[in-house]
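Visitor: I would like a close look at one part of this model. Please keep it brisk.

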Amino acid sequence: MVDIGCGSGRFLIWLAKNSPEPRNYLGLEIRQKLVRRSDFWVNELGLRNIYFMFANASVSFEQLVSSYPGPLTLVSILCPDPHFKKRHHKRRVMQKPLVDSISKNLCTEGQVFLQSDVLEVALDMRNQFDVCSDEFEHIDTIDPNFLCDTQGWLLHNPMGIRTEREIHAELEGAKIFRRMYQKRNHHLSG
């Protein structure tokens, strides 16, 4: 699993510590101070299945994941920096080259979990994957246990743990916008 923009890494550390499946975790974060803090906690907890890297995922994702020998089964992008000013939208992490790289490297039936407390950002991320409907389908079309509201946003966080930003936003009364996509199995569909 790769968490893009992992922040302090607590979400990923909890998953690495509590996941019933053997899985490796990689957190990518553009703020080096947060990577150092995450590394400290990983060492304190003695975890061996999680790593954090100081990286700009928009630039480094392809190189990092294409060299990994195992399958990439899950990518998460949770509450990325919204870069509200129009002239800064190009700095948003979710850009077409990153979507293309995720699509190329994610294993068949691998999943992408997107989340934001900013509707504009959530819609932008959603649109980036919705246009790739030949590669990805929204999880609620595959599994009826994933319930959505009338706009297609997941009603609940499917990961079993909330991020710090998610907790803070919900305490402030904000809505969390979530989508989960699964990479299509082209061998089954035709």
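In what order do the strands form the open sheet?

Guide: First, the ground rules. This is a predicted model: local features need pLDDT of at least 70, side-chain atom pairs count only at pLDDT 80 or more, and totals for chains, interfaces and linings use all residues. Residues are numbered from 1 along each chain as its sequence is written, and side-chain values use heavy atoms, leaving out hydrogens and water.

Now the sheet. The order is β3-β2-β1-β4-β5-β7-β6, seven strands with mixed pairing. Strands (E, at least two residues) and helices (H or I, at least four) are DSSP runs, numbered from the N terminus. Two strands pair if DSSP finds at least two bridges between them. β3 (50-54) and β6 are the edge strands, each pairing on one side only. On average, neighbouring strands are turned by 20 degrees against each other, direction ignored. Strands of a sheet pair through backbone hydrogen bonds, either parallel or antiparallel. β4 and β5 run parallel, joined by six bridges. Val75 has its bridge partner in β5: Val112.

Helix α2 (residues 32-45) touches β2 (25-29) and β3, and its direction makes about 160 degrees with that of β3. Helix α3 (residues 57-66) touches β1 (2-4), β2, β3 and β4, and its direction makes about 170 degrees with that of β1. Contact means heavy atoms within 4.5 Å. Axes are lines fitted to C-alpha atoms, for helices over the stretch in contact; angles run from 0 to 180 degrees between N-to-C directions.

Val121, Ala122, Met125, Arg126, Gln128 and Phe129 are buried in α5 (under 20% relative accessible area; exposed is over 50%, partly exposed in between; 1.4 Å probe, protein chains only). Seen down the axis of α5, these buried residues fall within an arc of 155 degrees, so they line one face of the helix. The arc is that of the directions from the helix axis to the C-beta atoms. Their cover includes β4 (72-78), α4 (96-105), β5 (106-116), β6 (136-138) and β7 (177-183).

Ring pairs link Phe129, Phe136 and Tyr181 into a cluster. Rings of Phe, Tyr and Trp (its six-membered ring) pair if their centres lie within 6.5 Å; planes under 30 degrees apart count as stacked, over 60 as edge-to-face and the rest as tilted. Phe129 is buried at 0% relative accessibility, and Phe136 is buried at 2%.
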